Amino acid sequence: MLDPDQRRTFAALADVLIPASDPMPSATAAGVPDTLLDQVLGYRPDLAEPFAAAVAWCTGKDPEAALDALCAQQPEQFQALTVLTAGAYFLSPRTKAALAHDPAPRTVRDDVDTYVEMLATVADRGFAIR
């Protein structure tokens, strides 16, 4: 979807949106402008057009100033750019590893009695075949 120059523009924009912060990687260090962008565009093809327009609008401009102006003047394009950037960032294995989130184990609930009661109610009520 993006040519190499557009990907470089996007990488600069993404790093302004998501800079490196110990222990978190920057957007480019996380791989956002590469295959992760393509992956997230596969999930949200509806954002491809406004995203491409945002990148084109920002090309050749200072990334920080371009994002400020884009937000003010083209909010739909800004939203597409930021949603896809954040989505790609949290798909990154480097980002996930840096989060170091180890969720607590979930307790197993063997609630067969409730399930059987629920099914009994349906069986008692009966059902009509149409």
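**View 1. Packing of helices H4 and H5 in the predicted model.** In this predicted model, helix H4, which spans residues 63–73, and helix H5, which spans residues 75–91, pack with their axes 5 Å apart and at an angle of about 125°. H4 and H5 are therefore oblique to each other, given that angles over 145 degrees would count as roughly antiparallel and those from 65 to 115 degrees as roughly perpendicular. On the H4 side the contact is made by Leu67, Leu70, Cys71, Ala72 and Gln73, while H5 contributes Pro75, Gln77, Phe78 and Leu81.

**View 2. Phenylalanine 10 and its surroundings.** Phenylalanine 10 lies in helix H1, and because its relative accessibility is 0%, this residue counts as buried. Leaving aside residues up to four places away in sequence, phenylalanine 10 touches Leu2, Val32, Pro33, Leu37, Phe51, Val55, Leu81 and Thr85. One of these partners, Leu81, also belongs to the H5 side of the contact between H4 and H5.

View 3. Arginine 7, in helix H1 (residues 4–17), and aspartate 38 meet through their side chains in a salt bridge, with an N to O distance of 2.7 Å. Since arginine 7 lies in helix H1 and aspartate 38 in helix H2, the pair ties together parts that are 31 residues apart in sequence. Arginine 7 is buried, with a relative accessible area of 18%, whereas aspartate 38 is partly exposed, with a relative accessible area of 36%. Apart from residues up to four places away in sequence, the contacts of arginine 7 comprise Leu2, Pro33, Asp34, Leu37 and Asp38; Leu2, Pro33 and Leu37 are also among the residues that phenylalanine 10 touches.

View 4. Arginine 8 is exposed, with a relative accessible area of 52%.

View 5. The peptide bond that runs from aspartate 22 to proline 23 is cis, with omega near 5°. Proline 23 has its place in the loop between H1 and helix H2, the latter covering residues 32–43.

**View 6. A nonpolar surface patch that includes tyrosine 115.** Val112, Tyr115, Val116, Met118 and Leu119 form a nonpolar patch on the surface, and together they have about 480 Å² of accessible area. Tyrosine 115 is found in helix H7, which extends over residues 112–125, and at 48% relative accessibility tyrosine 115 counts as partly exposed, since the exposed class begins over 50%.

How values were computed:
Residues numbered from 1 in each chain as written. Predicted model: local features only at pLDDT ≥ 70, side-chain atom pairs only at ≥ 80, totals over all residues. Heavy atoms only, no water. Patch = residues over 30% accessible without salt bridge, like charges linked within 9 Å, V, L, I, M, F, W, Y side chains within 5 Å. Areas by Shrake-Rupley, 256 points an atom, 1.4 Å probe, with all protein chains shown as cover. Salt bridge = Lys/Arg side-chain N within 4 Å of Asp/Glu carboxyl O. Helix = DSSP H or I, 4+ residues; strand = E, 2+ residues; numbered from the N terminus. Buried < 20%, exposed > 50% of the residue type's maximum accessible area, 1.4 Å probe, protein only. Contact = heavy atoms within 4.5 Å. Axes fitted to C-alpha atoms, helices over the stretch in contact; angles between N-to-C directions. Parallel < 35°, antiparallel > 145°, perpendicular 65-115°, else oblique.
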